[in-house]
Every structure is written in C-alpha cells, then in structure tokens.
Amino acid sequence: MRATKMEDKKLVNVLRHSAAHIMAAAVVELFPGTKVAIGPSIEDGFYYDFDRQEPFTSDDLVKIEEKMKEIAKENHRFVRSSMTRDEAIMGFQAKGEKYKSEIASQIDDDEEVSMYQSGTFTDLCKGPHIASTGELKYFKLLSVAGAYWRGDSSRGQLQRIYGTAFLAKQDLEDYLTKIEEAQKRDHRKLGKDLDLFSVNESVGGGLVLWHPKGALLRDIIESYWKKFHIENGYDLLLTPHIASEELFKISGHLQTYSEYMYAPMEIENNPYRIKPMNCPMHLMIYKTKLHSYRELPIRYAELGTVYRFEKSGVLHGLMRVRGFTQDDGHVIVAPEQLEEEVLKVFNMAIGCLKTFGFSEYKIYLATRPENKYVGEIEDWERAQASIENALKKTGYNYEVDEGGGAFYGPKIDIKIEDAIGRLWQCSTIQFDFNLPERFDISYVDSTGKKARPYMIHRALLGSLERFVGVLLEHYAGALPLWLSPVQVAIANINREQHEYCGELLQKLKQNDVRVVFDDRNEKIGHKIREHEMQKIPYMAVVGSREKDATSVAVRARGNRDLGIMTVDNFVSLIKEKSVPGINEL
C-alpha cells in the first residue's frame, strides 16, 4: 500500500539520518584520525561535521561516495545497544572522540545512552535508522562547508559535508536538476551580471552596495509598497537609524537581543545604539498623544533600515545581511477588532505577493509555547482564536505549529513557492503582548476608561534585500516589465538613424518608459545578444526602413520578433504591460 505524504516524509528523514551515519563510517575508514561530531537529517538532505586537519576536496567527496556505495552493498544491519552515560564517555574518550564524549557528558545521569552500530562503525545516536545499509540506494554528496562546533566561533572549526538521499531514483534526479537550476538562478551571480548590487569587504561583510539599476529596482518596489499601504489605511513613518540605549532597555531588546546588536557609541556621555528594530520608535510615536477607541485601529508602516550582527560564516548575498530594510508595519487594535484586522492584514499580504507573481503558499499558525511566554492565557486564547477564525475565512489551507509562537505572541507565517518549487519565508503577522506592557501604551475605551490595546507586528515582503534576492531567483533575472530597471533598449543599425533614435528616446522618456539608447558602433546582432543577456524586456531596433516610416522593429525578451510597430503603438504596448501585477510580456 502507498505510504501517505506524512509517512513518506518520516521515511525519508530516517533514510537521510542513516545516510549521514553511513557517510561518517566511510570517512573514518578512508581518512583515519578524523574525529566525528554530529550528523542529522535536514530539510533537503543530511550533513555530518568532521574534525580533520586536511580540507576535504571534491575528489575526496567522490571517494567518500564510492565507499558509501560499498558499505551499502555490504548490507550491514543497524544494531541498537545502550549503556550508561559514564560508559559512553569512557568509551569515546578511549577512542579520542572528544565531540561524542562532550555530547554524552550532557546526558542526564539516569538516562540510558543509545548507540547504533553498522559494520565496524558505532555512533552515539537516538535513532531510528533503516534496517540495514543496503536500503540506501539513491544518494549524492553535494558540498563541503565550514562549521563551528556548537555554532560557537570561539571553538574549533569543523568541516561539514552535505548530501541528500531519496527513496526513489526519480526523486533524486529531480532534486539534482533542481539544484542545477538553482545555481543558474543564484541571485549573487545575477546581481553581478546585471550590475544590480555588490558587497565589498572594504565596506564590510553583509552591507549591500546598490548600483544604479539595483537602486532603481528598489525604488520601484518601494514606490509600489508605499502606494499600496496608503490605499489600505496605513500612515507612513520615518524614524532615526540610532537611538538612546535607554529605548532598547525599555523594549527589552538590550536584555534579550544584545548579541545581535552593535556596540554602543558614546554621544555626550550617553550610550546610543544603531537600531536592530523599528517597533520601539513606532510605539514612541503612538505615545505622543492620547488616543480614543474611535481612532483604532491605528496602522503604522515604515521602510525602516535596521542593523543586526550576523556571523560572517552565515552571510549570503542578499539573503543574509547585516544591514537591511524591513517593510515594517505595526497595528494598534482594540481586542474586539482583532479578527477583522488579522483578516485584513492577511489579505493585504496575499494581494501584495500575488502582484509580484507569487501564487503558491504554505501557511502556518504558530501557537503559544508551553512554558516560556508573556501575557495572560486569556489574551493568548483570544488572539489565537482570532487568527484561526480569520484563516478559516480566507479559504486557504494552513498548518498549526503547536508551541511554535514567539514568547510574546502567536503568529501567522506565509511562505511563498518560487518557480522551481523552493519555499521562502516572507510575510509574518505577529501578535505582541510584551511591548504594549513595557511601553505602557493605552487608549480611552467607550466607557471613558484607559485600556490596553493589542499590537500586531506585520511584514509583507520581509526585508527588501532578501525579497529582491528571491525575485531575482524566481524570475532567473528576467523581471516583469513593471519591475525592470531598464524596460526598453533602443538600438540603431548605423549612424544614419542616430538622430531619429534620439527623438524616439525622448518620446519614450516623456511617457515614463525606462529606456536606454545603445548607439555604439557595433553590429546589430552583437547589440541584440548583449541586451538579451541583460534580460531587458523589449528592444526597439531602428534601421533605414524604420526611420523612414517613423516606426520601430520590436523584439521581446526571449528572442521573440514582434514585427514593425508605430511609435505610438509601441508606447501603448509598454504602458499596457507596465502595470503592477502583469508579470508576463
């Protein structure tokens, strides 16, 4: 009988966990003296961390993979055994396995230690595993990366080998094809090829330099975002990049988030910090006057740039940076407005994502953690009920992540699926029972008494940096016309058309078309190829025939010849296709 998707997922996770175990067995056999650390299954595969003086090479991965195939062919059974914690510590110390010994030492005295052996290799492991190594048939080792033991940069750096494994050969082949396609779509390569952005170590890791075309792309997104929020009843805010340290003491960020904050700077003997969040400043704006229940909900929004420390090892193009602009929003609501406002924010998020061309979503409701949380149970229950009722009204399927909420409130997470099936976290609708208390915000209710409002943090796109990275990979750099920094490239065949092309350039600019004129003394075929590689949506090619007829020969991206058009008809085509939400040429 065919397994369910959930059963399949569990089986794949067990298979991948076992694959990590088999990989470790292969490594210690091929490279004596290598120390083993941990090897879990992960979302798309598995990894194992090793301590070895010499770096693993691509040739080593081939050898390890071949040895894994040998071990699989030998069909060793996975045999579970148990021992006391002290026995496990002594056994690993005798072998010089300091990482396993450390893991064992952190197990409770009265808890048995689970071990799994296959062939000559024994690993500290809770399991479960496949029955025998022969069940591993379809796998591939992918890459090597550095990793700190326990994520602590003060400790030794290990080498992490990544791999993947599947139950079916076709699934593995499909995944490897997906990886190959993802590499072609890598936003870091596209950013360089299309001259959109760069990161320069002389400026600092994780700090993005937006080039003219990238800055224009940002401006297009930001202009749409501002208009969209104003239309949906939001007031736009602007707040400083630094603030007194006292503000972050009030918010609690200094006490709970300081490891991600940059060091203080002294200004007139007072410590200031670069802001890691926008919300404290939004609440200070709210507190500048008394508010009535008639004003609620109050909706604030800001494209606020924040700075958070990330270790250099996790920085990744636009996806993981140290300075980024959040599409931040905070909604102050009365308790009775919760459900209606959650539904409104959710519909805003979906509408915004659809405009950018994303139509497939995974939606999660994360509820109260079991132990560590702030606020009253009844507030949590009311908020969770409001979220759930609102989600039911949307008609979208969602999953409940029991206990997965932040300590200060439940939330909705919306993940978008890109063109090659990858999921990206973008929109979040997050309740907060903490900051309203810490900042002592209030409103006057219908009885004339002071009451505590609820607060909703919400982001539709996440950060602009990361969202631009997602857009580039989703569209493989071929952005829709309305988002393209350059919408049209005019190319003349020879100098005789130069004056006419100049007039055409001005005509398009007057109609708000983002256009460039390529008047280089190059063959027209060369120009066409270059602009095609730059993924410019349209080319207006002008030769003697087009000049004499005051027309243009139009080519659409993808080497599509649209034929001869009058200039007015070409302008109409551009205007028609430049509307936000029209994502195909």
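Biologist: What volume does the second largest pocket have?
Modeller: Keep in mind that this is a predicted model, so every value here is computed from it. In this model, the second largest pocket comes out at a volume of about 1,200 Å³.

Biologist: Which element gives the most to the lining of the second largest pocket?
Modeller: The pocket is lined by 42 residues, with Tyr257, Met277, Arg308, Gln326 and Tyr408 nearest its centre. Elements that give two or more residues include helix H9 (253–256), strand E16 (323–333), strand E23 (454–463) and helix H14 (464–474). The one that gives the most, with six residues, is E23.

Biologist: And how many residues in the lining of the second largest pocket are charged?
Modeller: Sorted by class, that lining has 16 nonpolar and 15 polar residues. The charged ones number 11.

Biologist: Which residues is Phe356 in contact with, leaving aside its neighbours within four places in sequence?
Modeller: Phe356 is among the residues with the most contacts inside the largest core. Ring pairs also link Phe356 into a cluster with Tyr224, Phe228, Phe358, Phe467 and Trp482. With those sequence neighbours left aside, the contacts of Phe356 are Ile221, Tyr224, Leu461, Phe467, Leu471, Tyr475, Trp482, Leu483 and Asn583.

Biologist: Why is the pair of Tyr361 and Tyr396 edge-to-face?
Modeller: The structure holds 21 aromatic pairs. In the pair of Tyr361 and Tyr396, the ring centres are 5.9 Å apart and the planes sit at 75 degrees. Planes over 60 degrees apart count as edge-to-face, so at 75 degrees this pair is edge-to-face.

Biologist: Where do Tyr361 and Tyr396 lie in the chain?
Modeller: They link distant parts of the chain, 35 residues apart. Tyr361 is in strand E17 (residues 361–366), while Tyr396 is in the loop between helix H12 (377–394) and strand E18 (399–401).

Biologist: Is Tyr361 buried or exposed?
Modeller: The cut-off for buried is under 20% relative accessible area. Tyr361 has 14% relative accessibility, so Tyr361 counts as buried.

Biologist: Where is Pro297, which has a cis peptide bond from Leu296?
Modeller: The bond from Leu296 to Pro297 has omega near 0 degrees. A cis peptide bond also joins Gly127 and Pro128, with omega about -5 degrees, and Pro128 lies in the loop between strand E6 (121–124) and strand E7 (138–148). As for Pro297, look in the loop between helix H10 (279–286) and strand E15 (298–307).

Biologist: Which residues in H10 are buried?
Modeller: H10 is mostly covered, with six of its eight residues buried. Those buried residues are Cys279, Pro280, Met281, His282, Leu283 and Tyr286.

Biologist: What is the phi of Asp440?
Modeller: Asp440 is in the loop between H13 and strand E21 (443–444). At 48% relative accessibility, Asp440 counts as partly exposed. Asp440 is not a glycine, yet its phi is positive, near 50 degrees.

Biologist: How much space lies in the largest cavity?
Modeller: Searching the whole structure turns up two cavities of 30 Å³ or more. The largest cavity is lined by 13 residues, and Leu194, Gly477, Pro485, Gln534 and Lys535 are the closest to its centre. The space in the largest cavity is about 130 Å³.

Biologist: Where is Lys535 placed?
Modeller: Lys535 has a positive phi of about 60 degrees although it is not a glycine, and at 25% relative accessibility it counts as partly exposed. Its place is the loop between helix H16 (524–533) and strand E26 (538–542).

Biologist: Last one: which element gives the most to the lining of the second largest cavity?
Modeller: The second largest cavity has a volume of about 60 Å³. At least two lining residues each come from H16, E26 and strand E27 (551–556). The most, three residues, come from H16.

Notes. Residues numbered from 1 in each chain as written. Predicted model: local features only at pLDDT ≥ 70, side-chain atom pairs only at ≥ 80, totals over all residues. Heavy atoms only, no water. 1 Å grid on protein atoms, 1.4 Å probe; cavity = no way out; pocket = protein on both sides within 12 Å on 5 of 7 lines; lining within 4 Å. Points joined across faces, edges and corners; volume = space filled by probe spheres on them. Helix = DSSP H or I, 4+ residues; strand = E, 2+ residues; numbered from the N terminus. Nonpolar A, V, L, I, M, F, W, Y, C, P; charged D, E, K, R; others polar. Core = buried A, V, L, I, M, F, W, Y, C linked by side-chain atoms within 4.5 Å. Buried < 20%, exposed > 50% of the residue type's maximum accessible area, 1.4 Å probe, protein only. Contact = heavy atoms within 4.5 Å. Phe/Tyr/Trp six-rings, centres within 6.5 Å; stacked < 30°, edge-to-face > 60°.
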